[in-house]
Each structure stands twice: as C-alpha cells, then as structure tokens.
Amino acid sequence: MAKAIRATQIELDSAVQALRDGDVVAFPTETVYGLGANAQHASALQKIYTLKGRPTTHPLIVHLDSARFLHRWAREVPTAAQRLAERFWPGPLTLVLPKADGVLDLVTGGQDSIALRVPAHPMAQQLLTAFGGGIAAPSANRYGHVSATRAEHVREEFGVAVRVVLDGGECKVGLESTIVACLDGSVRLLRPGAITLSQLREAVGEVHSGAVADSPRTPGSTRAHYAPSTPLRLVAEGQFEREVALLAAAGQRIGVLAQRPPLGSYPHVTWINGGSRPDAYGHDLYAHLRTLDHAGASCLLVQEVPRDERWDAIRDRLTRAAAATLDSETGEMP
Ligand code: TXA
Ligand code: MG
C-alpha cells in the first residue's frame, strides 16, 4: 500500500513539540526531504549545521505555509517575486529576497538576503500550519551527499541522531527546488529545478541565468555536491555502450545509470534504466544513485542527458556529482 501523505495527529503533535523544544525534525516536501528547525531558534539552527556537517556560511531555506506572513521574513517583495509566488506557490520554487530585520544570521549565513519557500506536500503543509512559524530546512542529507527522497534515506543519512522523521512517502519531484533571486531589480535563476527557465520567463519576463560573482551564496552551487561515495563519471551517448562493454570485459564491477536498457549482456554490471522522460528520471535519480552506491561497484557510469531544458536540473546535479569525483581525486574537499 502506498504511504499516506498526511500525518496522524500523534505524529504531528510530536513533530511540533520537537520544533518548540529546539529539536530538529525531518519532513517530506514534494522536492526532497528537509531537515527542519524553528527558524527563530539559534541553537536549533546550530543543530542542523552540526548534523549535516555543513559550514554555517551556507544559508538555509525558510519554509512557510503560505505567503501570508512573507513580510515577517522579507523586507521587500518585488513585483516579480509576487508574481512568481502567485504562480508557483505552493510548489517547488524558492525565492531569495532582501531579508527582514531580526532574521537570524544562522539562517542567512550573515547575508542581507533570505531564501523562502512554500512547499506543496500535504504533510509539509500540515506541519507548517500546526507549528505556526517558519521552519528552516536544508535537504535532509549530510553535506555534499545525495539528497533524501524517502524517509528511509533520511534514516540512512542520520540514523538515530534525528529522532523525528515524518514519513510522507516518495517525493513527487525528487530534485531540489528551483531557486530564483529577486534582488536589486533583477531576477536570476540560481539553481535549476522542476520549474524551468521558460516557465519563469513566461511568468515575469526577463530572467538571468546562473550565479554571478556577487550573487548570494548558493550551497548547491559549490562545484562538488550531490555525490554518491562511489566515483561517478558522465559518458556521452555515442561512447556509452562501448565504455561499459570494455570495463565489463576487463572484469570490473560497475554501476550504470542509462536512459535505456543495455544492448548486450554484461557480467558484473548493475544497469539501471532511468528512462527517457525527464520527470520520471528526476523523480528516481537520487534513489537510483543510492542503489548504485550500494552495489559494490568500483565506479558508476552515467549516460549524459539530453541538452533540453527539461533536463537542466538533472544535468546540473549529475555534473556536480561527477565534479565531486574529480575533486576527491585531486584531494580537494567538496
Ligand atoms: O527543495 C529544496 O529546496 C529543499 C527542500 C527541503 O526545501 N531544500 C534544499 O535546501 O535543497 P539546501 O540547504 O540543501 O539548499 C539550500 C539552497 C541553496 O542551494 C541556496 O541557494 C539557497 O538554499 N539559499 C539559502 N539562503 C540563501 C540566500 N540567502 N541566498 C541565496 N541562496 C540561498
Ligand atoms: Mg542540499
């Protein structure tokens, strides 16, 4: 039976109590699971950084149940941001806006901006409404790891260190939210997600793409991120099958994430067909990377994805995962 996507009253009460007590709570959103804390509670926020092993200079997203209290968190909501909020909230969109007075530095990483999101997942909505305040939540994974799209992935990441994990089943989108900064009169896409650049442009007109030197910091934007622990390499479609065949013939145990079934049969190869539809591929991407990471392979080969904007978010995460391999080979930290 599919997991219920609403929490029971008992689950909800214990999650809200934990937040009030300054504890962290993992909860589902339609993108990925979040590791949440009361956004107005400094020591609770500190727990997030400690648990994730994340530097405190990497800011957090504050989740709200609706846009009604946006002004408590943002001192200004430009027209473009209002339009985006009306069009895409609740949903997989994060807006970066000028922060209101009183927002803790542990939320913003000491920057003058704040990231805000209204998630659509019914259980996230229940939690936010019952708690009544902002919940700061990064993705519920250790720093640099693959994000969690199922409750058991959260447990895999944190074990008993995170006592309350609300289980809302599999995340519908499976990739982190689209992040858009509305600052200084311009609109800029900072992180691609399920909402594409064309959809953003359709809603507000001009949208710049990619971080610039003075863009606010975007944690996922460090080059190496979203990585399994097995080395991962992206291979172009044209060379893909040959590369797999060569490694398999050499007796290597490898993991493969492709967009189609294999043409031949290879010993020692765990082949996952992620399919050719970006929505379904994105939905399962992190679960597939986790499966492959557990397959005992010495390396993971991932077939490059199409150059089509519907694949932008997937390409972004895969490129970062591959970069993590390169960085670890050169001894750099992610
Ligand atoms: O889908 C998501 O966004 C998930 C769910 C749980 O909401 N959260 C997530 O959080 O992916 P995290 O911490 O793993 O990634 C945080 C993102 C960064 O990529 C960064 O762009 C953005 O939040 N961020 C937070 N505060 C920011 C700020 N003041 N300026 C720019 N970016 C900020
Ligand atoms: Mg993350």
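The model is a predicted one, in which local features need pLDDT of at least 70, side-chain atom pairs count only at pLDDT 80 or more, and totals for chains, interfaces and linings use all residues. Residues are numbered from 1 along each chain as its sequence is written, chains are lettered from A and ligands numbered from 1 in the order in which they are written, and side-chain values use heavy atoms, with hydrogens and water left out.

**Exercise 1. Describe the overall build of the chain.**

Step 1. Count the secondary structure: the chain has 11 helices and 14 strands. Helices (H or I, at least four residues) and strands (E, at least two) are DSSP runs, numbered from the N terminus.

Step 2. Consider the extent: along the principal axes, the C-alpha atoms fill a box of roughly 60 × 45 × 40 Å.

Step 3. Compare with a globule. For 334 residues, a compact globule would have a radius of gyration near 20 Å, and the chain agrees because its value is 20 Å. This radius is taken over C-alpha atoms, and the globule rule is 2.2 Å times the number of residues to the power 0.38.

**Exercise 2. Identify the domains and characterise their contact.**

Step 1. The assignment gives domain 1 (9–209) and domain 2 (232–330); such bounds come from an automatic or database domain assignment.

Step 2. The centres of domain 1 and domain 2, taken over C-alpha atoms, are 29 Å apart. Domain 1 brings 23 residues to the contact and domain 2 brings 15 residues, where contact means heavy atoms within 4.5 Å.

Step 3. Between them, domain 1 and domain 2 bury about 1,500 Å², 54% of it on carbon and sulfur atoms. Buried area is the accessible area (1.4 Å probe) that two parts lose on being put together, summed over both. Within domain 1, the most area is lost by Val146, Leu175 and Pro192, together 37% of what that side buries.

**Exercise 3. Find the salt bridges, between the domains and elsewhere.**

Step 1. The rule requires a side-chain nitrogen of Lys or Arg within 4 Å of a carboxyl oxygen of Asp or Glu.

Step 2. Apply the rule: the count comes to 16 salt bridges, and three are found across the interface of domain 1 and domain 2.

Step 3. Examine two pairs. Glu156 pairs with Arg290, their closest N and O atoms being 2.9 Å apart. For Glu30 and Arg117 the corresponding distance is 3.3 Å; this pair links distant parts of the chain, 87 residues apart, with Glu30 in the loop between strand E1 (25–27) and strand E2 (34–38) and Arg117 in strand E5 (residues 113–117).
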